[in-house]
Number of protein chains: 2
Amino acid sequence: MTAVMTANTQTNKRPVILTGDRPTGPLHLGHYIGSLKTRVQLQDTHEQYLLLADTQAMTDNAHDPDKVRRNVLEVALDYLAVGIDPSKTTITVQSYLPALAELTLMYLNFVTVSRLERNPTIKEEIQARGFGRDIPAGFMCYPAAQAADITAFKADIVPVGEDQAPLIEQTNEIARRINHQVGRDVLKECQALIPKFGRLPGVDGKAKMSKSQGNAIALGASPEQIKAAVHSMYTDPDHLKVSDPGKVEGNMVFTYLDAFDPNTEEVEELKAHYRRGGLGDMVLKRRVESVLNELLGPIRERREQLAKDPDYVFDLLREGTNRARAITQQTLDEVREALGMFSFGSR
Amino acid sequence: MTAVMTANTQTNKRPVILTGDRPTGPLHLGHYIGSLKTRVQLQDTHEQYLLLADTQAMTDNAHDPDKVRRNVLEVALDYLAVGIDPSKTTITVQSYLPALAELTLMYLNFVTVSRLERNPTIKEEIQARGFGRDIPAGFMCYPAAQAADITAFKADIVPVGEDQAPLIEQTNEIARRINHQVGRDVLKECQALIPKFGRLPGVDGKAKMSKSQGNAIALGASPEQIKAAVHSMYTDPDHLKVSDPGKVEGNMVFTYLDAFDPNTEEVEELKAHYRRGGLGDMVLKRRVESVLNELLGPIRERREQLAKDPDYVFDLLREGTNRARAITQQTLDEVREALGMFSFGSR
């Protein structure tokens, strides 16, 4: 296995991308536009690894491992349904890659507590989760775990939201520190890939689409669920009569058309019309609904088909995880050797 | 392998002891009297595991992995030389037990940062090492790593110095928290075993014998090294002439006779004589020297023999580590299953 992987790695000149999701709920339109769509494109030009990050999900869901477990399969279904091709992309389960845990513990020795505490992403997330002083130690340590993920796969590129750029900086800091100590580049530094399309707001206009906020449209949403969500969309509260001029900015109907309607020209015309007045919200909402049905219809269908055969999905995950296990174990072996750690037979 | 281990575990009713050492230097007389001697006795009545804790040693030696690597073999030689019998005691290398790293990351989610910071042992050690705010994150996390070690081996008893009792408390806290969450005792709580003989002072009279303080007598010390160390021993600075009455308390010559001289009756007579006056330090030092030579001579000889065949030692470590890998992996599987974590095929 290792020999085969080495051969592949040596002949494969494509840049390596590592990305993934914490399996805490089925994925939604925000994930689609923010990352899944790009991943489907990148798998043709890059060596892509998708991490079902259940170990990381436990750092703030230790009280509810059931949720994490169930959603490993759900997220895998989402991946396959949107067009992630397991012959091109390796999908792998984090908790079955022990080398990641071993590298994490190693890296924690190369970063100080105060450095972790200063990490802006961690600071914000601690606040968002209301942890206060009772932050689980695993949560504070997760930048080191992420550094382990990224470096173990020798990722060149890591797609992250703008708010997560400090995590990439932390990863490269650890890599540089170890490279400096061993006097050569045993670990690869990576680059952040910030998505073109920023964060998709929820249908209620709130900054972030999120299942827990009830403002999300899941990738597997039924036509009824799509209809209900679109009809509840936040538009322009001052646009009372059809004849009134309306505001396009911050109007979810247009945000969603910008994100999902392939006919950008018509969307621009609609915006102009809406601004002038004489265009009603219902017409626009019906258009959003139709655009989303066109996008999500085939995804939902594939998802339902796949969900009938979970063993097929488990087999894919097992295969991908075996492949990833060889790669991550090799990196661990390299780091150990470079640092001069013990091995049976070492003097 | 797993099946065999299960059978062994079920039939073996001996209480399980886990202990070990951070391989940062060869062991010395302080280790012998504080723990090794007891371990040699306990292996006949207990199921004993000795952990060469190289992963833990890295938490404050990340800058010098060479030292840790070299001392794995040195400490193993010390174990075998003092009479640890690998057919009775399993000697294992921590960094080759990935389940320990995986359990550590898991447990870090069940303990808060502030709880780790409050740990008195950690507080003291941070001060002793002069870390200040620049404490490596791995060092702060090591109570969770120790909880992983202890629970992974299902230890009933953990010999620790008095100052380390809070670490045992922390272990049991994590075990109780997880047991409570899953509604049954998947993890075993353990008891601290505080050694009868407290800490052996250095030959200079300082509280702790330590290689870095230059006040230690290594188990492999040569007769010349023993002679030099004993002759430099701190006795009673006011005992100037042989005829002067001398002080026994805090006098290293008597501390060492108490610790190592098998003839306690004669030692008591010597104390009385010294207190009265008329007994010179040189006579006593020659006695200490002879007692230590008698103890360390055979140990040194066995050590030198074993050191000539490191491959034999590596084979023993490999065997012990394989045995320990099966045990620790089984515990990890049990914890995962109890918590309801993902497995291929789980719904």
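Between chain B and chain A the count of salt bridges is zero, a salt bridge being a side-chain nitrogen of Lys or Arg within 4 Å of a carboxyl oxygen of Asp or Glu. This is a predicted model, in which local features need pLDDT of at least 70 and side-chain atom pairs count only at pLDDT 80 or more, while totals for chains, interfaces and linings use all residues. Residues are numbered from 1 along each chain as its sequence is written, chains are lettered from A in the order in which they are written, and side-chain values use heavy atoms, with hydrogens and water left out.

What does the contact consist of, then? Chain B brings 56 residues and chain A brings 56 residues, where contact means heavy atoms within 4.5 Å. On the chain B side, α15(B) gives the most, with eight residues; helices here are DSSP runs (H or I) of at least four residues, numbered from the N terminus. The area buried between the two chains is about 5,000 Å², and carbon and sulfur atoms give 65% of this area. Buried area is the accessible area (1.4 Å probe) lost on putting the two parts together, summed over both.

Now for the rings. Over all chains there are 16 aromatic pairs, meaning rings of Phe, Tyr or Trp (its six-membered ring) with centres within 6.5 Å; planes under 30 degrees apart are stacked, over 60 edge-to-face and the rest tilted. F139(A) and Y142(A) make an edge-to-face pair, at 5.3 Å centre to centre and 65° between the planes. Y96(A), F314(A), F342(B) and F344(B) form one aromatic cluster.

Methods: Helices (H or I, at least four residues) and strands (E, at least two) are DSSP runs, numbered from the N terminus.
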